[in-house]
Amino acid sequence: MSRNQELFDRSRHLIPGGVNSPVRAFGGVGGVPRFFQRGQGPHVYDADGKRYIDYVCSWGPLLHGHAHPVVLEAVRAAMEKGLSFGAPTGLELEMAELLTELVPSIEQVRLTSSGTEATMSAIRVARGFTGRSRILKFDGCYHGHSDSLLVKAGSGLLTFGQPSSGGVPAELAALTTVVDYNDAAAVRAAFDQYGHELAAVIVEPIAGNMNFVLPDPGFLQLLRDLCTQHGTVLIFDEVMTGFRVALGGVQALYGITPDMTTLGKVIGGGLPIAAFGGRRDIMSCLAPLGSVYQAGTLSGNPVAVSAGLATLHLAQEEGFHVALGERTREVTEGIAALGRAAGFPMCAVSVGGMFGLFFRATPPRNLPEVMECDRDSFNRLFHAMLDEGVYLAPSAYEAGFVSAAHDGDAIQETLAAAERSFARLRAAA
Ligand SMILES: *Cc1c(COP(=O)(O)O)cnc(C)c1O
């Protein structure tokens, strides 16, 4: 029996589903999850010692690949001075200075330990600021697992066929209005009906939790205009896209200024940090200045902040995101072209170090179109690639990630693996 299988069997006994986050269980693709014992650069090694080229990168944080020496050194240096103080440190100030410099719409910022806390807190402060309760979100966008946001919330839930979660009180879910991504008419209708009640609109400005979906031209500007007209707080959830698609996130790429931004994933470089921030007048509602309570024992933890600072500093290198975008495009367009050559309708979409691969002729614009993709073919490709030593996200509904450590060799190996995989898929068809 494989060591992965043995660990999974034992884990299932003690941990619900054998995993600490649902998509890890391979429920969408079937088979035994790989248990990893180490990572280096673009590679991860499973419990049986098999090597894979990793296109998950811990779901985004590892912008420079696994175990980058500069990041590890920053962690080591911080660690030796103590792990946590529960009191302010200069490192948190350094992080606040860097985030407000790189993302100019953020005038004030607060650190949390997870993206879930960041989005939950952003919603609370928007509600406190406006004195309103209702929020608007988009079908297929995921903003962490707090109650108000766990409504029609994308990949992890889709993989398990749940449109939303048990345990969320209907009274709370009723305060969340959901419309389709890129549906301008539905957004206008929602504002006509609820505009005066809407505390916030929260959106993934490029959606990475229903595979990978770009906003239509004008869609984000429409949200900006309607929020301004109605006194609604516009929250860009850039937990996934921040520092991944561009140094200043999607807002820098498209030139749209939200009132608030949530960040996570890359800003911890693999350790737990996230952040929420935005306009000074809104952020001033937070305790101890204002009445909106929000806190965290390990928030701004010096070890995690050090990993994040090192990760962001490496990403500030001139041309970093252009080069990352080129690699990402090369590997994803390459896979899609090989798929088409093998007779599968396929396309790829990528921005910076994030991508979507679709068994569909054209890129989807919203969740219903993502659901039209041929999931069966994706699952067979996933397992063929896994055999060939390439680790794709274990679900047709997840985005993929490329790091700066994915060099020419890793990309050529991936494309060779894809060519063999498609040949196997075709032989089996
Ligand atoms: C991952 C993610 C979150 C939640 O972050 P966690 O750290 O997993 O709690 C929130 N929003 C978006 C867009 C994400 O991708």
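View 1. Arg-12 and Asp-9 both belong to helix α1 (residues 3-14), where they sit 3 residues apart, about one turn of the helix. Helices here are DSSP runs of H or I with at least four residues, strands are runs of E with at least two, and both are numbered from the N terminus. The two side chains meet in a salt bridge, 2.7 Å from N to O. That term stands for a side-chain nitrogen of Lys or Arg within 4 Å of a carboxyl oxygen of Asp or Glu. By this rule the count comes to 16 salt bridges.

A word on the model before we go on: it is predicted, so local features need pLDDT of at least 70 and side-chain atom pairs count only at pLDDT 80 or more, while totals for chains, interfaces and linings use all residues. Residues are numbered from 1 along each chain as its sequence is written, and side-chain values use heavy atoms, with hydrogens and water left out.

View 2. The domain assignment (automatic or from a database) gives domain 1 as 3-67 + 318-428 and domain 2 as 69-315. Taken over C-alpha atoms, their centres are 25 Å apart. Contact (heavy atoms within 4.5 Å) involves 40 residues of domain 1 and 36 residues of domain 2. The buried area, meaning the accessible area (1.4 Å probe) lost on putting the two parts together and summed over both, is about 3100 Å², with 64% given by carbon and sulfur atoms. On the domain 1 side, Met-354, Arg-365 and Leu-367 lose the most area to domain 2, together 20% of what that side buries.

**View 3. Arg-365 and its salt bridge.** How many salt bridges does the rule find across the interface of domain 1 and domain 2? The answer is 1. Arg-365 also forms a salt bridge with Asp-216, and the closest N and O atoms are 2.5 Å apart.

**View 4. The second largest pocket.** A pocket is an open set of points on a 1 Å grid over the protein atoms alone, with protein on both sides within 12 Å along at least five of seven lines; lining residues have an atom within 4 Å of a point. This one has a volume of about 360 Å³, where volume is the space filled by probe spheres set on grid points joined across faces, edges and corners. Of its 22 lining residues, Glu-92, Leu-111, Gly-296, Ser-299 and Gly-300 lie nearest the centre.

**View 5. The largest cavity.** A cavity is a set of grid points where a 1.4 Å probe fits but cannot get out, and the structure holds 3 of 30 Å³ or more. The largest has a volume of about 100 Å³. Among its 13 lining residues, Asn-211, Phe-359, Cys-373, Phe-378 and Ala-396 are the closest to its centre. At least two lining residues come from each of β12 (354-358), α13 (367-371) and α14 (375-387).

**View 6. Two backbone details in loops.** Ala-287 and Pro-288 are joined by a cis peptide bond, with omega about 10°. Pro-288 is found in the loop between α10 (280-283) and α11 (302-315). Asn-182, a residue other than glycine, has a positive phi near 65°, and its loop runs between β6 (176-180) and α7 (184-194).
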